[in-house]
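My entries follow in the order in which I looked things up.

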Amino acid sequence: MPMKDRRKHRRATVNKNAWICNYDLDPSPFHPEKCLIIDISEGGACIQCAARYEMGQLLAFTFQDFIEDSLRPIVGTVMWSKQYSEGEYRYGLEFLGLSTQMLHKIRDSIDG
C-alpha cells in the first residue's frame, strides 16, 4: 500500500543553488555552505548539501532570485534528514514564518 502524502502545501521543484548556514550559531553568516534547494512550498523546503545538520537545528538559506529581490534569508527547523549519496545529505525544513513578500514569491514559483 503506498504511503499517504502528508504535506499541507503544494511544492514547486526548484533545483537551484543556494547558500545555507547554521542559524543557531550566527544569524548573519560570513561563511555559508553551498546547497541545492530541491523543492519548496509555503511551509518548507527540501535541501541537499554536504554539511551535516541535526534534527531540530535552525538553518537559514537564500538563493539568487531572493537576493536580487532584497529578501531576507528563510529560517527553518530541520524536521528530517537522510543520506542521499556519498558525502551528500538531504534535509526537510519547516519554515518558522515567511514575510508576505516571500510568501508571494514562493506561491508564484508553485503556480508559475
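**Entry 1: around Phe61**

I began with Phe61 and, leaving aside its neighbours within four places in sequence, I found it in contact with Trp19, Ile20, Ile37, Ile40, Ala45, Pro73, Ile74, Leu93 and Phe95, where contact means heavy atoms within 4.5 Å. At 1% relative accessibility, Phe61 counts as buried, since buried means under 20% relative accessible area, exposed over 50% and partly exposed in between, with a 1.4 Å probe and protein chains only.

I note that this is a predicted model, in which local features need pLDDT of at least 70 and side-chain atom pairs count only at pLDDT 80 or more, while totals for chains, interfaces and linings use all residues. Residues are numbered from 1 along each chain as its sequence is written, and side-chain values use heavy atoms, with hydrogens and water left out.

**Entry 2: core and barrel**

I then looked up the largest nonpolar core, which has 24 residues, with Ile20, Ile37, Ile40, Tyr53 and Phe61 making the most contacts inside it; such a core is a set of buried Ala, Val, Leu, Ile, Met, Phe, Trp, Tyr and Cys residues joined through side-chain atoms within 4.5 Å. Among the elements that give it two or more residues are β1 (12–22), β4 (58–63) and α2 (100–111), helices (H or I, at least four residues) and strands (E, at least two) being DSSP runs numbered from the N terminus.

Six strands close into a barrel in the order β1-β2-β3-β6-β5-β4, with antiparallel pairing; two strands pair if DSSP finds at least two bridges between them. Between β5 (residues 74–85) and β6 (residues 88–95) I found eight bridges, and Gln83 has Tyr89 in β6 as its bridge partner.

**Entry 3: aromatic pairs**

How many aromatic pairs does the structure hold? I found two, counting rings of Phe, Tyr and Trp (its six-membered ring) with centres within 6.5 Å, and calling planes under 30 degrees apart stacked, over 60 edge-to-face and the rest tilted. The rings of Tyr53 and Tyr91 have centres 5.5 Å apart and planes at 70°, so this pair is edge-to-face. Tyr53 lies in the loop between β3 and β4 and Tyr91 in strand β6, so the pair ties together parts 38 residues apart in sequence. Phe61 and Phe95 form a tilted pair, 6.1 Å centre to centre with 40° between the planes. Because Phe61 lies in strand β4 and Phe95 in strand β6, this pair ties together parts 34 residues apart in sequence.
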